Each structure stands twice: as C-alpha cells, then as structure tokens.
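Hi,

Here's the structure I said I'd send over. Have a look at it first, then read on for what turned up when I went through the aromatic rings.

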Amino acid sequence: MLLAFIYFLVLLNTSSSLFIIPPVFITMKGGGKLSKSELVQALNLNSNTKITNGSVSMMSGNVDKEGAVETLADAFKEDPWFVWAADIPQGTTSADKEKTMTKMNKNLFNLMFYVYPGALHLVIRGRNNQVVASMNICPSSNHEESFLKMIMAMFKFGLPPMYKSKEKKNYGPHSRKRLETSSLLAKRRKAHMEDTERWIYLQTIGVRSDQRGQGHGKTLLTALFQAADALKVPVYLETESKVLEDMYKYFGFKTVEVLDLVAPNDESPTACLKMYLMKRDSQ
C-alpha cells in the first residue's frame, strides 16, 4: 500500500484472521485536532512499557526502526509509485534493478521516519523478534512533515540517490522531477481534509514479501480501524493501484479523487501515474 511524505515523497496484505482490541476507555478532547496521545490511547498500546495488543506493538528503539525500514524497503520494491519514481533505465538487469530500488527505498523510508515526529509506528514481529510488517499513521495534529527535521534528516541520511552525482546514472532522467511532483499529494490531502479537524492519515503500511498471505496487513488495518471508530474519526490514505483501491473499498473507504501525477516535460511512456485518494468515515 502506500503512502506520502516530505515535499518529494509518497508512499497489504490480507487474510481471514482478525485482530480484536479489548474495550478501552478513551478520554475524548472537546475540540481541536486529534492528538498523538489520544491515538495512542485508542490503539491501547503503550510505547513506554512495550505492552502489545495481540501481535501489534509500538516500534521501540533503533533495532525496531531498522527492521521497519528493511521491511518497508522490501515490501515496496515493486510498488507502482516507487517504480515510477525511480524511472530505472531500460536494459537494467533484474539484479541491478533490485539493488537500485532497495537503496532508494531505504533512503526514502529513513527520511520518512525522521521527518514526522508526531507519527506512530506500529510493527508486527515474527520469528527471532524480526519486524515482518510495519504501519505508520499520523493524527491530524501531526500529518505534515517538520521542515527542520527534514533538513536534519538530509544531513543524517543523505539525499536520495538520484540526487547524487555518482549514483544518479542508475535512475532515469525523470526520477528527480517525479519525486518533486509527488508533493502534490500533500496539497490534495490538505485540501480534502481542510474541513475536518480530527482524522488519521494512514501514511504507510507494508509486509515483507516472504511474509505475505499470513494476515499481517489485515491485523494492522483492523487495529487502526477499531481505534478510528472508537475515536469517531475518518482515515485518509493514498494508493496507486486499482487493485488496492478495490481492496480499500472493501474496508469501507471511498475514493474522493483520482489524480494523475505527471512530472514537468515528462513525455515518456511511463510518464503518468494514477493515484487514488481515499477516505474512510468512522463506523
């Protein structure tokens, strides 16, 4: 699935297993945007004591963070938005393409984790406590990236590889502009939700490719939807696949806009990427 972050970036897996959150008393604020503390309380997860609810827990420490980045980088290797953004030249071998995609994805996800200080990062761990699925969500009070954090992240993790002189040859001529064009997603998100104070942004959800089919994606989504329904707030997301659009409709989402992303002066056969902007009202 996908999801968006910083000025140049956006960003399931289901099965029959369900994840049930025990009843929890939620202290609702009288007004204002949805806070991180309210969302944590509704999820019934405690990041300090690492209490888990079912198989879902809050990301804790650098080991979890590195595992989540690895998981998402793997999960999105063939994702339409990431493939479109990389614009990898024709003739690139499969091995080189995988290496190039993985490098770009790790950089972008590291940046994403850093520039959204108000985001909640949920994970599912498998054998040996390895992160096998990850979901990032933002309450409406923190759905925009921190510009200061973005600058700091660039120093910490470096620019995306297509901006580096020694690595840009591995990416297509439109890659940089496609990344930058994706800032339109944040503008459209803001426009669609401007009249709604309290809501949740489903930024990213991904499952390791070798762990698909085990219900991890559905477990994460069910946790999110039960929290959103308890809070009586909608959930907003972006996806770039008609298949995923249909899947999210099954979960109660409605498409509020179909957006064509096209970078300036990009007339290549792969120039246009269709994005589905969706919203799920509380149930």
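Quick one to start: are Phe-225 and Phe-251 buried or exposed? Both Phe-225 and Phe-251 are buried. Keep in mind that this is a predicted model.

Now for how those two rings sit. The ring centres of Phe-225 and Phe-251 are 5.7 Å apart and the planes meet at 50°, so this pair counts as tilted. It also links distant parts of the chain: Phe-225 belongs to helix α8 (residues 216-231), while Phe-251 is in the loop between α9 (242-250) and β6 (254-261), 26 residues apart.

Searching the whole structure gives eleven aromatic pairs. One of them is Phe-82 with Phe-109, and this pair is stacked, with 5.5 Å from centre to centre and 25° between the planes. Here again distant parts of the chain are linked, with Phe-82 in helix α3 (residues 80-86) and Phe-109 in helix α4 (residues 94-115), 27 residues apart. Phe-82 and Phe-109 are both buried.

One last thing to find on screen: over the ring of Tyr-201 you'll see the charged end of Arg-189, 4.1 Å from the ring centre.

Cheers

Key
Residues are numbered from 1 along each chain as its sequence is written. This is a predicted model: local features need pLDDT of at least 70, side-chain atom pairs count only at pLDDT 80 or more; totals for chains, interfaces and linings use all residues. Side-chain values use heavy atoms; hydrogens and water are left out. Rings of Phe, Tyr and Trp (its six-membered ring) pair if their centres lie within 6.5 Å; planes under 30 degrees apart count as stacked, over 60 as edge-to-face and the rest as tilted. Helices (H or I, at least four residues) and strands (E, at least two) are DSSP runs, numbered from the N terminus. Buried means under 20% relative accessible area, exposed over 50%, partly exposed in between (1.4 Å probe, protein chains only). A charge sits over a ring if NZ of Lys or CZ of Arg is within 6 Å of the ring centre and within 35 degrees of the ring normal.
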